[in-house]
Structures are given as structure tokens and as C-alpha cells.
Amino acid sequence: SEICSILLYEKETGLLKIKTSCGLDESSIKDTRIRKGDDISGWVFEKGQPVLVEDIEKDPRFKRRNNEKYYTASFMSVPLVVQNEVKGVLNISNKKTREIFQEDDLRFLKGLALEAAIAIENASLYTSLEGAAINTIYTLNAAVDLKDNFSKEHSEFVTKYGMAIAEQMKLPKEQLDIIYKSCLLHDIGKIAIHDYILTKKGELTAEEWQEIKTHPLKGSSILKPLKFLGEVITIVEQHHERFDGSGYPKGLKGEDISLGARIMAVADSYAAMTAKRPYRDALSKELAITEIKKHKGTQFDPRIVDFFIKAVQANKI
């Protein structure tokens with residue numbers, strides 16, 4: 001077939017919308033909004049019954065319903081049903097042989113629709129579980145804020161600066177989402193650091209610094225069971241690596257460090273320098289930028305620093 005579309009029902013809007021398709025133009029996808037019972041897809045959704053039509057222009061049941069412009073001549077439409085609940089509609093039209101669809105075609109499509117409906121439902125459940133897991137992690141992250149008053153404000157600024165750099169780089173939406181989550185969660189490993197170290201007023205001893213430096217690995221260990229976080233876990237683990245290889249925990253160098261971690265290294269350092277700490281005053285914006293430039297090519301990826309400066313000049317930072 002030349003044309004296929006899957007329309008899913010949105011309870012919030014009460015409409016069927018095309019969620020995926022092939023052979024349709026963008027305007028058809030964008031403009032198709034069908035109410036329950038309306039047009040052909042709405043009828044199939046409401047009745048929960050499959051339909052095979054030899055010729056749309058001659059079938060009295062649907063001739064007046066043919067407002068869905070992608071239906072031509074012979075077509076099939078079947079409901080997507082899971083546990084007796086209709087979730088949407090699967091439509092097929094324009095057989096490449098130019099023949100009309102037969103009952104055998106419809107039986108085959110009904111089988112595909114059953115598999116598709118189960119897959120869509122599983123994806124929906126997975127998304128819900130993923131959202132619940134993320135909320136749990138954010139709650140755990142809030143526990144870090146209770147231990148370290150500096151942490152919450154710092155994570156918010158790191159997120160703001162990291163996203164500004166990433167947007168300046170024109171990274172795709174999927175990568176922006178990864179960087180957003182990574183920035184929010186980058187210090188979650190501090191939940192495993194002793195309270196007296198996190199709340200200490202003066203400078204840390206060498207031993208205390210060694211414990212602080214374990215938080216990237218502890219953070220990745222906390223997040224590792226949530227495999228759907230994928231690259232987020234890597235970025236959390238690597239956000240204290242340095243471009244010249246002198247960072248921690250693994251001494252990675254250059255582009256062996258993930259792009260997200262290289263972005264966060266700049267955002268994290270700038271946020272830390274421009275914040276007041278118990279043992280020192282905040283640096284001015286100008287002085288912090290000078291420090292970032294000073295460590296270009298050593299602590300920081302030169303390319304990321306350039307985008308950071310562009311974000312500053314664009315008043316995004």
C-alpha cells in the first residue's frame with residue numbers, strides 16, 4: 001500500500017490525531033483532527049468495527065463521510081483495541097497493484113492491528129513508568145538540597161547555563177533533553193557524601209576533597225539501574241573530567257569525554273565561580289568569564305568555550 005496512518009485518541013481533547021504515517025503530506029497530518037463518530041476514522045473508532053470499502057465514491061455508508069482526503073477508492077480501516085478498549089484506528093489505502101482490497105487483506109490487517117495496539121499500549125505504560133522513575137530521582141535529588149543548601153541553587157544555574165550553551169550550539173531537541181536532565185541530576189552523588197563535609201564552613205582538607213571527588217561515580221551508580229536515562233548517566237559520571245585529561249574520576253581526555261559532560265564542565269564551573277560560598281565571595285561575571293577563557297584548551301573544550309562566550313554575548317548567560 002502507498003498510504004498508511006495510525007490515529008490515536010486523546011482523552012484530553014476528545015480528538016483522534018495522526019501519530020505516525022507514510023505516504024501523507026505534512027498538511028494532511030497537521031490538519032487531521034477527528035471527533036469520535038465523525039468521518040470514517042471516527043466511525044470506526046466509535047463502533048470498534050473494521051471496515052473494507054471497495055470504492056469510497058460508491059459506498060453509501062461513507063460517501064458523505066469522506067472528509068479525510070487521504071482516502072481514495074478502495075481502503076481498509078481497523079480499530080486498535082487493547083483489553084476491549086479502542087485506542088485508535090489503523091488506516092490503509094492505495095493498493096500499489098491498483099486492485100481493490102479483499103477480505104484476506106482485511107484479516108491480515110486485523111492481525112497487524114492487534115500487534116500494533118499492544119505495542120502502543122506497552123510504549124504508553126513504559127513512558128508512564130519512566131516518568132514515575134524520573135520523579136522519584138528528582139525527589140532523591142531534593143534530598144541532596146536538604147543536605148547542602150548550596151546544591152539546589154547551583155543545580156538550577158548549571159541547568160540554565162548548560163541549556164544556553166547547548167541551544168547556542170543548535171543541538172537537536174533529544175540532546176537538549178539529555179543535557180537538561182543531566183544538569184539537574186549532576187550532583188545527585190552528593191547524597192552519599194558525609195553531611196559534615198557538605199556543610200563545612202571552611203576549606204576542605206585533602207581527605208575531604210578525596211571524598212567529594214567520589215560524587216560523580218556515586219551519582220552514576222545511583223542512576224545506573226534506570227537504563228532509559230542512557231547518556232544522562234555517562235554525563236553525570238564525567239562532568240568533572242578535564243579536556244587535557246587531568247580531571248576525575250577516570251582522567252578522560254578530549255573527545256573521549258561526552259559532549260554533554262564537556263558542556264556541563266563550563267556551565268558547572270561558571271555557576272560555581274559566580275556563587276558565594278561559605279569560605280569565599282562570589283567572583284564577578286567578568287572575572288569568571290576571564291577564568292573560563294584562561295582554561296580554554298586545558299580544563300575546557302575550546303569549542304564549548306566559544307559557544308559559551310556567544311551565549312554570554314547574546315545575553316543568555
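**Close-up views of a predicted model**

**View 1. Strand β5 and its two partners.** Strand β4 (residues 51–53) and β5 run antiparallel and are joined by 3 bridges; two strands count as paired if DSSP finds at least two bridges between them. Strands (E, at least two residues) and helices (H or I, at least four) are DSSP runs, numbered from the N terminus. This is a predicted model, in which local features need pLDDT of at least 70 and side-chain atom pairs count only at pLDDT 80 or more, while totals for chains, interfaces and linings use all residues. Residues are numbered from 1 along each chain as its sequence is written, and side-chain values use heavy atoms, with hydrogens and water left out. Leu52 stands opposite Met76 in β5. With strand β6 (residues 85–93), β5 pairs in the antiparallel sense over 8 bridges, and Val78 has Leu90 in β6 as its bridge partner. The hairpin of β5 and β6 has 2 residues between the strands, and in this hairpin Gln83 takes a positive phi near 50 degrees. Strand β5 (residues 75–82) is largely enclosed by the rest of the structure, because 7 of its 8 residues are buried. Buried means under 20% relative accessible area, exposed over 50%, and partly exposed in between (1.4 Å probe, protein chains only).

**View 2. The largest nonpolar core.** This core has 46 residues, and Ile165, Phe308 and Ile317 have the most contacts inside it. A nonpolar core is a set of buried Ala, Val, Leu, Ile, Met, Phe, Trp, Tyr and Cys residues joined through side-chain atoms within 4.5 Å. Among the elements that give two or more residues to this core are α3, α4 (149–168) and α12 (302–313). Helix α10 gives the most, with 9 residues. Not counting residues up to four places away in sequence, Phe308 touches Ile165, Val266, Tyr270, Ile289, Ile292 and Ile317; contact means heavy atoms within 4.5 Å.

**View 3. Helix α8.** In helix α8 (residues 215–223), the buried residues are His215, Pro216, Gly219, Ser220 and Leu223. They lie on the same side of α8, because they cover an arc of only 135 degrees around the axis. The arc is that of the directions from the helix axis to the C-beta atoms.

**View 4. Leu129 in helix α3.** Leu129 lies in helix α3 (residues 103–147). Leu129 counts as exposed because its relative accessibility is 62%. The C-alpha atoms of Leu129 and Ile257 are separated by 30 Å, and the two residues are 128 residues apart along the chain.
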